[in-house]
Amino acid sequence: MGIAGNDWVLMKTARAPSNIAVIKYWGKRDEKLILPINSSISVTLDYLFATTTVAVGPSFTSDRLWLNGKEVSMESERYKNCLQQIRSRATDVTDEKTGLVVKKEDWKDLHVHVASRNNFPTAAGLASSAAGFACLVYALAHLMGAKETYEGEFSAIARLGSGSACRSLYGGFVKWNMGKEDSGRDSIATQIVEKDHWKDLVIIIAVVSSRQKETSSTAGMQTSVKTSPLLHHRAEVVVPKRIEQMEQAILKQDFATFAKLTCADSNQFHATCLDTSPPIFYMNDTSRRLIGLVEKWNAHEGTPQAAYTFDAGPNAVLFAPNNEVAKSLLQRILYLFPPAADADISKYVIGDQSIMELAGIKTVQDIESLPTPSEWSGIDAPRMKGELGYLICSRPGQGAIVLDESAHLLGGTTGLPAE
Ligand SMILES: Nc1ncnc2c1ncn2[C@@H]1O[C@H](COP(=O)(O)OP(=O)(O)OP(=O)(O)O)[C@@H](O)[C@H]1O
Ligand SMILES: C[C@@](O)(CCOP(=O)(O)OP(=O)(O)O)CC(=O)O
């Protein structure tokens, strides 16, 4: 069978993870190509994914996208650039099941339908754009048989969708090299080490708010580049050293250094937001109380037990070096931020359940009766019932993967989302 018939749909589904930067990207030197003013490092997250189905068929009359069940425009340059770059690398593809052949030259005439879902809040500072664009590029590349002409080329294409997306193609610990070339060819992500290199690391995400933020990362960093002297000092002087130190800390699984750098870099990123005119505030009182929780505990123990980082939103991402310390961290978070009395505990702490099991917490009453953490003894610790949305327990995760047909989000004959 060739491209001839008019009644076929070819599709692929992929899943790509979110990532959290521990050395932050903030600021572009080229807005169109999304080239950053500094390199950055991230940890790929387990349990937070975008799932994307991409389909082509001769009956499709335009490129269309359904995001979390709702049709949205694919007209933005970011979508168009990713699609155009993958289309231009397409090859002859034979569908194993039906024998259908799509020739290299046919792809440019075929429109795509895309359906994507995030299993976590979109545009709330949990890097949905990172997971989303990495997933789109990965799924398109597999559908169209596109091949990288150099290592990291797909990450450079994902970068055209959203800067942080280039880091979401890979698992474990990832560095986005800022690159030097004007073309952006060398502004690519590379894996520092895979997830199992530091598999004991536990990541707890405290979702403070799932609301869309007021200032998007794109707009926020544009204003910072224009107005913040601190941002330029950071990019030129501070970050290059931190990148080297962070890479070493990850390679050696040196949690103390990892924690100090992670907290310092998050705080400096938010300082550059404050240094921006008009100032940008991403953290709120709950975010600051979570910082206090970690700082007070670390100071009491004399060495870093946990670390925190915040992206462009109030949600905290907390790190602990192993299960035992993660148990203590989770107990502390739950002690200071118990769920509302009528909360469903299985919805309050989601993701990896092993830390909850280790902490022996099964009910809201178990949380009520948690002992006062030692650093709070003798102090009237403020217990903020119902102040946190929910918690996600995670670990370093794997990169983008292709899923089988049972995961398709579009109908096999219509190429449209199921009603
Ligand atoms: N699964 C997805 N597939 C395709 N595009 C997506 C997907 N998820 C998010 N996006 C795109 O990313 C946009 C949200 O990006 P934005 O940077 O505002 O938020 P965020 O990525 O959640 O937060 P941040 O990058 O600051 O952590 C959406 O409006 C949409 O255009
Ligand atoms: C604070 C950050 O999360 C900023 C992410 O910015 P985006 O990648 O969302 O921005 P665009 O490139 O304009 O799409 C830090 C980081 O992930 O490194």
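Which residues does L160 touch, not counting residues up to four places away in sequence?

Author: Quick ground rules before we dig in. This is a predicted model, where local features need pLDDT of at least 70 and side-chain atom pairs count only at pLDDT 80 or more, while totals for chains, interfaces and linings use all residues. Residues are numbered from 1 along each chain as its sequence is written, chains are lettered from A and ligands numbered from 1 in the order written, and side-chain values use heavy atoms, with hydrogens and water left out.

Okay, L160. Leaving out residues up to four places away in sequence, L160 touches K32, L33, I34, R78, N81, C82 and Q85 (touching, or contact, means heavy atoms within 4.5 Å). You'll find L160 in the loop between α3 (153–159) and β10 (173–176); helices (H or I, at least four residues) and strands (E, at least two) are DSSP runs, numbered from the N terminus. L160 counts as buried because its relative accessibility is 9% (buried is under 20% relative accessible area, exposed over 50%, partly exposed in between, with a 1.4 Å probe and protein chains only). For a sense of distance, L160 and L261 sit 101 residues apart in sequence and 28 Å apart in space, C-alpha to C-alpha.

Now step back to the nonpolar cores, which are sets of buried Ala, Val, Leu, Ile, Met, Phe, Trp, Tyr and Cys residues joined through side-chain atoms within 4.5 Å. In soluble globular proteins, nonpolar side chains tend to be buried together. Here, the largest core has 111 residues, and W107, F258, F319, L334 and L391 have the most contacts inside it. Helix α2 (residues 128–143) gives the largest share of that core, 10 residues. Both domain 1 (10–195) and domain 2 (202–394) contribute, so this core lies between them; the domain bounds come from an automatic or database assignment. And I34, which L160 touches, turns up in a second, separate core of 16 residues, along with W26, W176 and F269.

Helix α2 comes back at ligand 1, too. Ligand 1 is surrounded by 17 residues, the closest being Y79, S116, S129, K213 and S217 (a residue is near if one of its heavy atoms lies within 4 Å). The largest share of this shell, 3 residues, comes from α2. One oxygen atom of ligand 1 is 2.8 Å from a polar side-chain atom of S128, and a polar backbone atom of S129 also lies 2.8 Å from a ligand 1 oxygen.

Technical notes: A polar contact is a pair of N or O atoms within 3.5 Å; within protein, one must be able to donate a hydrogen and the other to accept it, and residues adjacent in sequence count only if both atoms are side-chain atoms.
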